[in-house]
Amino acid sequence: MIFSSPVFLFIFLTSVYVLYCIIPTVTAKNILLLLFSLAFYTYGEPKAIVLMIISIIMNYIFGLSMKSDNKSRKTVLIISITANLLMLGIFKYAGFGAEMLDRLPFLSMNIPDIALPVGISFYTFQAMSYVIDAYKEPQYIQKNPYKLALYITFFPQLVAGPIVKYYDFAEQIDKRTVTPEKTAQGIRRFITGLSKKLLIANTMAVTADYVYGLDVDSLSLPLAWLGAVSYMLQIFFDFSGYSDMAIGLGKMFGFDFRENFNYPYISGSMQEFWRRWHISVSTWFKEYLYIPLGGNRKGKVRTALNKLFVFFCTGLWHGASLNFIVWGLINGLFMMFESYKILNTAKWLRPLRHIYTLFVTLLAFVFFRAENLSTACRYIGRMFSMSGNSPENTSLFLLQLTPMYVVMFILACVFSVPVWQILRRKVSPEIISVGDTCSYVVSILMLIICIMTLSSASYNPFIYFRF
C-alpha cells in the first residue's frame, strides 16, 4: 500500500484517523496505531510480516539486556548489531554477494533468488537505533513490547523513512498532543508531498524512464542530458514528497518527525548537500558509524578512510549493486576533496559553487539510475559526445517536451528553492498571515487535482520502496 493510492487515502487513512479521534486514552490510541501499522505492512507484504515480528521480538530482548548492571551488555550489543545486519544481509545482499563471488575464475556459485522485503533497510536501522540508544542511555530501555513495536512499525515512516531514531520517538509514545492547528498543518504537509509525488515526480519519471530505456549508444547529447536532469528532479520530488507525507501524517497523530530534506539543490558544496539531502540516513550513519569509528579525531588519514567507508556503506545500504557503491564513493571522494581543500569551494563565486555541486550530483545520479556500471559510463559518455545528433533524435527530444513536462519542470526548478521562506523574510507579518491562510485553500485545490490525477494514473511506486 502506498500513500498515493486510493486505497490508502479513502479507506485506510480515513478509518484509522476517525477511530484515533474517537478513542480517548493514549494507550488505546497507541494500540490502534500499532494494529493499523501491522495491517498496513501486511497488505503489501503478507509473507514478510513474519520477518518484521521476529525483528521486533529479537530487538526487544536485546534492549532488555542493556541494563547498566549487566556486565555483558557490550557483548549483547555486538550480538544485536550482528544479528540485525545478518538479517538485512541475507535478504538484501545474499544474491549480490553470490554474484560477485561467481565472477571469480576459480569459483562457481548458485545465485539465490531471495525476494527483498519492502522497507527492511529502514525498519532494521530503526531497530538498531533502539538497541544502541538503550546501550548508551539505559533510560531508553522499553519494557513494554507493544510500544517498541509501534516505534518500529509506525506506518507513516515504515517502508521508506525518514529513519526516526529511538531517542526522538521515545517520549512521544506516551506524551503527545493533537490540536486542530497541528492536524491542519499535518494535512497541508501531506497534500504538499502528495502533489510533489503525483504531479512533479511522476511527470519527470515518464521522461527519465523513456530516455534511460533507449539504446545508450544511440542517445544524442540533448536526450542524455534531458534524461539525467529529469531523473535528478524525479528522485528529489519522489522521496522528499514521501518524507513530506510521512511528516504530515505524523503530525496528524501527534508525532513530530525531523526534516529529511532541506532544499539540497541550493547547496554550494557536496558537504552542504549531504547536510540537506536524506538527512535521516546521513545523521544515522554519522551517529552510529562515523563517530564510533573515530570520526575526525584520529588524524587526517584515518578521517579520510572513515568518510570513504561511511559513504561506501551509504551506497551499499541503498541497494545491492556496484552502481550504488560507486555512487556512494563519488559523493565520499568529493567530500574528502573539499575537506582537505583540494577543492576549496569556499573561495569560489557562489554561482560556480552551485553549478559544481549540481554537476557532481547529476553525474553521480546517473550511476544511481543506470542498470549497471557499463551502462552508466556509456551514458555519461553520451552526455559529452556530439555524435548521435540525428534528425530522429532531435524529434525524440522535442516529443518529450510536452506542455505538462515543461510546466512541471519549471515548477520543479522553482520549488527546489525555498521560495516561501525567502518571501517571509521580505514581507510584513500581515501578508505572511494572509499567505498562511491562502496556503490551506491552495492545498485543497491541489488535493482535488491529485485525486483527478489518481483516477487516470497507472501504478507508480516510490523509488525508495526498493531499498
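This is a predicted model: local features need pLDDT of at least 70, side-chain atom pairs count only at pLDDT 80 or more; totals for chains, interfaces and linings use all residues.
Trainee: How do helix 9 and helix 16 sit, how far apart are the axes and at what angle do they cross?

Mentor: The axes of helix 9, residues 221–252, and helix 16, residues 391–400, come within 9 Å, and the crossing is at roughly 30 degrees.

Trainee: Roughly parallel or roughly antiparallel, then?

Mentor: Roughly parallel, because angles under 35 degrees count as such.

Trainee: And is the crossing left-handed or right-handed?

Mentor: Helix 9 and helix 16 make a left-handed crossing.

Trainee: Which residues make the contact?

Mentor: Helix 9 puts in Pro222, Leu223 and Leu226, while helix 16 puts in Asn393, Leu396, Phe397 and Gln400.

Trainee: What does that come to by class?

Mentor: Five residues in the contact of helix 9 with helix 16 are nonpolar, two are polar and none is charged.

Trainee: Change of topic. How many cavities of 30 Å³ or more turn up in the whole structure?

Mentor: One. The volume of the largest cavity is about 30 Å³.

Trainee: What lines the largest cavity?

Mentor: The lining is Met270, Phe273, Trp274, Trp327, Asn331, Thr361, Ala364 and Phe365.

Trainee: Which helices supply at least two residues each of that lining?

Mentor: Helix 10 (270–276), helix 13 (322–339) and helix 14 (350–369) each do.

Trainee: And the classes in the lining of the largest cavity, how many of each?

Mentor: Six nonpolar, two polar and no charged residues. Asn331 and Thr361 are the polar ones in the lining.

Technical notes:
Residues are numbered from 1 along each chain as its sequence is written. Side-chain values use heavy atoms; hydrogens and water are left out. Axes are lines fitted to C-alpha atoms, for helices over the stretch in contact, and angles run from 0 to 180 degrees between N-to-C directions. Helices (H or I, at least four residues) and strands (E, at least two) are DSSP runs, numbered from the N terminus. Angles under 35 degrees count as roughly parallel, over 145 as roughly antiparallel, 65 to 115 as roughly perpendicular and the rest as oblique. A crossing is left-handed if the near helix is turned anticlockwise from the far one by less than a right angle, and right-handed if clockwise. Contact means heavy atoms within 4.5 Å. On a 1 Å grid over the protein atoms alone, a cavity is a set of points where a 1.4 Å probe fits but cannot get out, and a pocket is an open set with protein on both sides within 12 Å along at least five of seven lines; lining residues have an atom within 4 Å of a point. Grid points are joined across faces, edges and corners, and a volume is the space filled by probe spheres set on the points.
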